[in-house]
Structures are given as structure tokens and as C-alpha cells.
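Subject: Structure handover

Hi,

Here is the structure I promised to pass on. Please load it first, then read my notes below.

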Amino acid sequence: MEKGNIPSIKSLLVLDSDGKRIISRYYKGEFASLAEETAFEKKLSDKTIRTNAKNEAEIVMFDNMVTVYRNSADVWFYVIGHHAENELILVAALTALYDALTSVLRQ
């Protein structure tokens, strides 16, 4: 993030336990094709699947991007930002996404 820029999110991902896309949204046009997006999602899943991120968000630097993620049962939630992005802002976005989806899907 350059000086004076507004904090922003590059992408939001919801993946299953196999690393396959449930839903995703890319905001910055980081990837040119669907195949590149799918390959990125699979690599990200392979890197994070073995961690225990059930109670709190975890932070990882992946492909020169800050990624915060959390697990719930067999679903993984990811929020990805620029390498210089404030992790606390990304965690707040992840928490909002997680809380909204769990609230809606419980009913």
C-alpha cells in the first residue's frame, strides 16, 4: 500500500476442505484467468490446511500478499490484501465475513 492510499482488500475466498472454491471475489484483477485463480486457491489451501485456525484468525504472507484466514468445520475463509496492508483491518474484514455467514447459515 502506497502512502496515502485507502486500505483495501484484494480478494475474499471461501474454500472447502479440499481447496476447491465455494465462492470467491477478486477485486484488484491480480490474475488474468480462471485457471490462474484456481491454481492460486489450491496453493493457498495446501499451505494453510494443516494449521489450526478454528478459534482465531491466522496470518500468513503468501505470494507477496498478506492473507488472513479462519476455519469453521470443513470451510476455510480467506481475506487477502496488499503486502503492506494492515493485518488488523484484514482480520476485522475476515471476522465480519465469518460472523455474517455463520449467522445466516445457522438459520
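Which residues of the largest nonpolar core touch the most other members? They are L13, F40, L44, Y78 and I80, out of 13 residues in that core. Bear in mind that this is a predicted model.

**Cores**

Several elements give two or more residues to this core: β1 (11–16), α1 (34–48), β3 (58–62), β4 (65–72) and β5 (75–82). The top contributor is β5, with 3 residues. Take I80 as an example. Beyond its neighbours within four places in sequence, I80 is in contact with I9, K10, S11, L13, F40, L44, M65, V66 and T67. There is also a second, separate core of 9 residues, and V66, V75, V79 and Y98 are among them.

**Sheet**

The strands form an open sheet of 5, in the order β2-β1-β5-β4-β3, with antiparallel pairing. Both β2 and β3 are edge strands with a single partner strand each, so one side of each has no neighbour in the sheet. On average, neighbouring strands are turned by 20° against each other, direction ignored.

Now the pairings of β1. With β2 (residues 21–26), β1 makes 5 bridges in the antiparallel sense. These two strands form a hairpin with 4 residues between them. In the turn, G19 has a positive phi of about 85°. With β5, β1 makes 6 bridges, again antiparallel. L15 is worth a look: its bridge partner in β2 is R21, and in β5 it stands opposite W76.

**Helices**

α1 packs on the sheet and touches β1, β2, β3, β4 and β5. The direction of α1 makes about 115° with that of β2. Helix α2 (residues 87–106) lies across β1, β3, β4 and β5. Relative to β4, α2 runs at about 30°.

**Rings**

How many aromatic pairs are there? The count is 6. In one of them, the ring centres of Y26 and F31 are 5.6 Å apart and the planes are at 85°; that angle is over 60°, so the pair is edge-to-face.

Is Y26 buried or exposed? Its relative accessibility is 15%, and the cut-off for buried is under 20%, so Y26 counts as buried. Ring pairs also link Y26, F31, F40 and F62 into a cluster.

The charged end of R70 is over the ring of Y98, 3.8 Å from its centre. Y98 belongs to the second core.

Best wishes

Methods
Residues are numbered from 1 along each chain as its sequence is written. This is a predicted model: local features need pLDDT of at least 70, side-chain atom pairs count only at pLDDT 80 or more; totals for chains, interfaces and linings use all residues. Side-chain values use heavy atoms; hydrogens and water are left out. A nonpolar core is a set of buried Ala, Val, Leu, Ile, Met, Phe, Trp, Tyr and Cys residues joined through side-chain atoms within 4.5 Å. Buried means under 20% relative accessible area, exposed over 50%, partly exposed in between (1.4 Å probe, protein chains only). Contact means heavy atoms within 4.5 Å. Two strands pair if DSSP finds at least two bridges between them. Rings of Phe, Tyr and Trp (its six-membered ring) pair if their centres lie within 6.5 Å; planes under 30 degrees apart count as stacked, over 60 as edge-to-face and the rest as tilted. A charge sits over a ring if NZ of Lys or CZ of Arg is within 6 Å of the ring centre and within 35 degrees of the ring normal. Axes are lines fitted to C-alpha atoms, for helices over the stretch in contact, and angles run from 0 to 180 degrees between N-to-C directions.
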